[in-house]
Amino acid sequence: MFILSSFDEIVNRRGTDSFKWDMILNMHGEDILPMWVADMDFKTSEKIIKALIDRANHGIFGYTYRSEEYYKAIIKWYKSRYEVEIEKEWIVNGPGVVPMISFVINIFTQPGDKVIIQPPVYPPFFRVVENNGRKIIENRLIKKDGKWLIDYENLEKSIDNRTKMIIISNPHNPVGRVWSIEELEKLYEIARRYNLIIVSDEIHGDIVYTPSKFTSFLKIAKENVIVLNSPGKTFNIAGLPNAYGIIPDKTLRQAYKNYIENLELLIGNIFSLEALKVAYNSPEWVDELVEYLKNNRDYAYKYIKRNLPLLEPSLPEGTYLMWIDCSKANLENPHEFFLKNARVYLNDGAEFGDKNCVRLNFACPRSLLNDGLERMKKAYDNALEFEAFRLPDERFEICRNIREEVFVNEQNIDKELEMDGKDEEAIHFILKHFSKPVAVARARDTGDYWKIERVAVLLNYRGYGYGKTIMEHIERFLTSLENKKIVLNAQKQVKDFYEKLGYRQVGEEFYEAGIPHVRMEKRI
């Protein structure tokens, strides 16, 4: 029996001044489905809700400090969840992880100094560096065999005497990598060699899927390391701004504390502090959340791979965010495409450093996730165009070029043999996707049957279902003119493909243009 999870509950967020929902709906229309900013569509832990209600019922909201209980909650969380022993003295406070990154940039670098980030990466990383008058050095992640990796060679080449800091995201937002101990150790070796401060944003550290295991940078080293964190992402309480840093290095820590004191940022928010104490004593809620998110992740990944095959999603090891590469779809702006045609609002990859990508937030009830994916599939499918024409027509040049690429250049068929002089009597077909021609074919009326010929799919678009799609369109088109048998001569190597489409072999194998063929036919 299927049992609904509490995470399946649809919570109406309209009218709550939601950044994720209300702002986007006000800008783009009520029919938009927001699946963007890292903000979950789940209620937080009931323990947190109750604690906040109880605190509100007290009725007095005076100045509040961070108690011993507050610090013990952080220490306990790092020990139980990350297997890291930290000391209370190491913990520093701040209004949020991004403001704290801005603080440490100002404290430990000078205007004109260089700070390394690793795109594609969380957009504020770009802003806090540039807005504070520092220079960004991009050490772009590389993708090898489907896995995102740190480019250590380029990293070392990019460092000079003005380079002072590297900011990392772990787990990495948006590609979802959970950096291994070995990767972090190698990163630290380079940082120590050049005396760089490492700032590790670990705000997504609780959202990690087996078999991956989160490693806090505090497990790697203590010197010249600043770790920043918050319960905001894990417990969906980003609207209760509060963050903390862990700085074991006494010199760095004192410099940070002096800076915060000078800004008079010492008082905490009553509800934020209460929420952290309760959150970090609610591990069972996180375990249930991660299990639900893992199922959502797997569902979204498989759905996209199966139904939108030109898109290349990364399977995140951590976070509830999916990075989707749309390069093969030949889209000028994937974000705008899905906003306009699917009415789904995704993060624009350009803001992360890659204009060919979008980021999808799958931290929502499964029904909402399914709605968003189906909208995207519909837009994807509607981008298919099928054209049929007879000569003379200037579109024949497209057919000629694709046929030459496939048959002449790839298969070494004689060009004169391929252009057999029968094009004038044929109906020609072009299949386009996202306005790009991907497949062509022709058909001739022999009197007793339709004969389909010259079916060609461009090499870069094979394996995505375009052969099946153009054949289905051709069959519907031909039978709408006259419903009779359809015949084709199939290269023997693709015989199985046509059998799956309902064609059967008739007669013996024969050679055509030096290639073994079989005659196949189908009655619609």
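Visitor: Leaving aside neighbours within four places in sequence, which residues is Asp31 in contact with?
Guide: Keep in mind that this is a predicted model. Once neighbours within four places in sequence are set aside, Asp31 is in contact with Arg343 and Arg375.

Visitor: What joins the side chains of Asp31 and Arg343?
Guide: A polar contact of 2.9 Å.

Visitor: And where does Asp31 lie?
Guide: In a loop. That loop runs between helix H1 (22–28) and strand S1 (33–34).

Visitor: How many Å apart are Asp31 and Asp393 in space?
Guide: They are 41 Å apart, C-alpha to C-alpha. In sequence, 362 residues separate Asp31 and Asp393.

Visitor: OK, helices now. At roughly what angle do the axes of H3 and H9 cross?
Guide: Roughly 40 degrees. H3 covers residues 68–82 and H9 covers residues 270–279, and their axes come within 9 Å.

Visitor: Why are H3 and H9 called oblique?
Guide: Under 35 degrees would count as roughly parallel, and 65 to 115 as roughly perpendicular. Their angle is roughly 40 degrees, so H3 and H9 are oblique to each other.

Visitor: Left-handed or right-handed crossing?
Guide: H3 passes H9 in a left-handed crossing.

Visitor: Which residues in H3 and H9 meet?
Guide: From H3, they are Glu69, Tyr70, Ala73, Ile74 and Trp77. From H9, they are Leu273, Leu276, Lys277 and Ala279. By class, this contact has 7 nonpolar residues, 2 charged residues and no polar ones.

Technical notes
Residues numbered from 1 in each chain as written. Predicted model: local features only at pLDDT ≥ 70, side-chain atom pairs only at ≥ 80, totals over all residues. Heavy atoms only, no water. Axes fitted to C-alpha atoms, helices over the stretch in contact; angles between N-to-C directions. Helix = DSSP H or I, 4+ residues; strand = E, 2+ residues; numbered from the N terminus. Parallel < 35°, antiparallel > 145°, perpendicular 65-115°, else oblique. Left-handed = near helix turned anticlockwise from the far one by under 90°. Contact = heavy atoms within 4.5 Å. Nonpolar A, V, L, I, M, F, W, Y, C, P; charged D, E, K, R; others polar. Polar contact = N/O pair within 3.5 Å; in protein donor to acceptor, adjacent residues only side chain to side chain.
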